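Subject: Structure handover

Hi,

Here is the structure I promised to pass on. Please have a look at it first, and then read on for what I found.

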Amino acid sequence: MAATAAASGTGSSFLSPRRSRSAASSTVRAAASRFRSPRSVLGSEQLRVAQEGKRMGGAAEPRAAVWTPKAPAPEARLAALPREPRDSRMKIFSGTANRPLAQEIAAYLGVDLGKILIKRFADGEIYVQLQESVRGCDVFLIQPTCSPVNENLMELFIMIDACRRASARSITVVIPYFGYARADRKAQGREPITAKLAANLLTEAGSDRVIVCDIHSTQALGYFDIPVDHIYGQPVILDYLASKTISEDLVVVSPDVGGVVRARAFAKKLLNARLAIVDKRRQGHNMSEVMNLIGDVKGKVAILIDDMIDTAGTITSAAALLKQEGAEAVYACSLPQLKGFLEVSLRKLL
C-alpha cells in the first residue's frame, strides 16, 4: 500500500513534468533575487506606472516607462503666484523721536508708515513690538538721536534688534541728527571717543546701513564698519537763499575754527563768496566766549553756517558780533535740523 502510494506519488510527478519544472525555476529565481537584485531606485509613482505597463502588455521595461508627475513643476507654481509690487518689500518704521518727519518721508515715497508698538515700563525700560511682518523686507528705521539722546538711542537699538529677530532682509537706519558725534577725537587725556562707540553699537545691534545728515566731522564716517550714506543739507539752504532777495555781496561766516572747511565748501556754492571766521574760545562744555572776527563783514549779508546748535550760545554771540562789525543782515543756518532734503535724498537712495 505504501509502495502503491509512493508509486502513485512518483507517478504523479512523472505525469506533470512541466508543473514541476516551473515550480523549481520560480523557487530558484526567488532565492537568487534576494542576493542579486539591486534595490529599486524608482519612485513610487514610477513603479506604479511600470507595474501597470506589465499588466497591460508586459513588454515595457520600467526604465522605458513614461512618467508624468501629477503635481506641477516648481517653476510653474512660482509663475502662478501673484506678483507683488516692488515697494511692498520696503517697510518704513519710526521711533518716538520725530514721528512727523517719518510720516512726511513715507507720504513722499508713496508708502504707508509701518505699524509699531513702543511703550515704556514703570521703571523706564523700553518695549518695542512690530505690528506687521518684515520677513524678507528692506526695513528703514527713522530715528534722530536728538534730546533726550540716551532714550532715543536706546530705543533705536531695540528697534534694530526687533527687526533683526523678525528676519528682515536688510535694516537701514536713518539718523538725521547723529548724537555723540561731537567727541570724535581725544582732545585731552583720558577722554572717550563716543562717535566710535556709537558706531560700534549700531553695527553690533544689527544694522546693515546708516544714513546720516551732515555729521559733525566727516572723519567719524570711518568709524563705521558698515556702509554709510552721508547726506548734505546744503542744497536746501541754497534754494532758500536763492528765493530771498539778497544782495550779491555775501560773506559766509564760520562760527568757529573747526567749521572752516564746511564754510569754505558752502562759500564755493555761493559764487565763491568771501569767508570770515569767528574766533571762539570755550571756557567749558556748552560755554563759549567770542573773542574777535577774522574777515570783513561791513555792509555785507553774513550767513552763519553751523552743523550743530545745542544751547545756541555760539550762534547768538556770533550774530551779535557780526552786527557790531557792521553786517547788513545775518542769516543763521543749521544743517541737521533739516528734513526736506532728507526726503529727497532718501528717495534717490531707494
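Let me start with β6 and β7, which run parallel and are joined by four bridges. Two strands count as paired if DSSP finds at least two bridges between them, and helices (H or I, at least four residues) and strands (E, at least two) are DSSP runs, numbered from the N terminus. Within this pairing, Ile211 has Asp229 of β7 opposite.

Before going further, the background: this is a predicted model, where local features need pLDDT of at least 70 and side-chain atom pairs count only at pLDDT 80 or more, while totals for chains, interfaces and linings use all residues. Residues are numbered from 1 along each chain as its sequence is written, and side-chain values use heavy atoms, with hydrogens and water left out.

The sheet

β6 and β7 belong to an open sheet of five strands with parallel pairing, in the order β1-β4-β5-β6-β7. At the edges stand β1 (90-94) and β7 (228-231); each has a single partner strand, so one side of each is left without a neighbour in the sheet. On average, neighbouring strands here are turned by 15° against each other, direction ignored. Helix α5 (residues 99-109) packs on the sheet and touches β1 and β4, and its direction makes about 160° with that of β1. Axes are lines fitted to C-alpha atoms, for helices over the stretch in contact, and angles run from 0 to 180 degrees between N-to-C directions.

Ser94 is a residue of strand β1. Its relative accessible area is 1%, so Ser94 is buried (buried means under 20% relative accessible area, exposed over 50%, partly exposed in between, with a 1.4 Å probe and protein chains only).

The hairpin

β2 and β3 pair in the antiparallel sense over five bridges, and Ile116 has Leu130 in β3 as its bridge partner. Five residues lie between the two strands of this hairpin, and Gly124 takes a positive phi near 100° there. Leu117 is in strand β2 and is partly exposed, with a relative accessible area of 33%. Setting aside neighbours within four places in sequence, Leu117 is in contact with Tyr127, Val128, Gln129 and Gln131. From C-alpha to C-alpha, Leu117 and Gln129 are 5.1 Å apart in space, although 12 residues apart in sequence.

The structure holds two aromatic pairs. One of them joins Phe121 and Tyr127 edge-to-face, at 6.0 Å centre to centre and 70° between the planes. For such pairs, rings of Phe, Tyr and Trp (its six-membered ring) must have centres within 6.5 Å; planes under 30 degrees apart count as stacked, over 60 as edge-to-face and the rest as tilted. Phe121 is partly exposed at 44% relative accessibility, and Tyr127 is partly exposed at 30%.

The cores

A nonpolar core is a set of buried Ala, Val, Leu, Ile, Met, Phe, Trp, Tyr and Cys residues joined through side-chain atoms within 4.5 Å. The largest one has 34 residues, and Leu141, Ile160, Ile175, Phe178 and Leu202 have the most contacts inside it. Two or more residues each come from β2 (116-120), β3 (126-130), β4 (138-142), α6 (149-165), β5 (170-175), α7 (194-205) and β6 (209-213). The largest share, seven residues, is from α6. Apart from this core lies another, of 15 residues, including Ile237, Leu241, Phe266 and Ile305.

Backbone details

The peptide bond from Ser147 to Pro148 is cis, with omega near -5°, and Pro148 lies in the loop between β4 and α6. Asp214, in the loop between β6 and β7, has a positive phi of about 50° although it is not a glycine. Asn272, in the loop between α9 (260-269) and β9 (274-284), likewise has a positive phi, of about 55°, and is not a glycine. Is each of these two residues buried or exposed? Asp214 counts as buried at 7% relative accessibility, whereas Asn272 is exposed, with a relative accessible area of 62%.

Best wishes

How values were computed:
Contact means heavy atoms within 4.5 Å.
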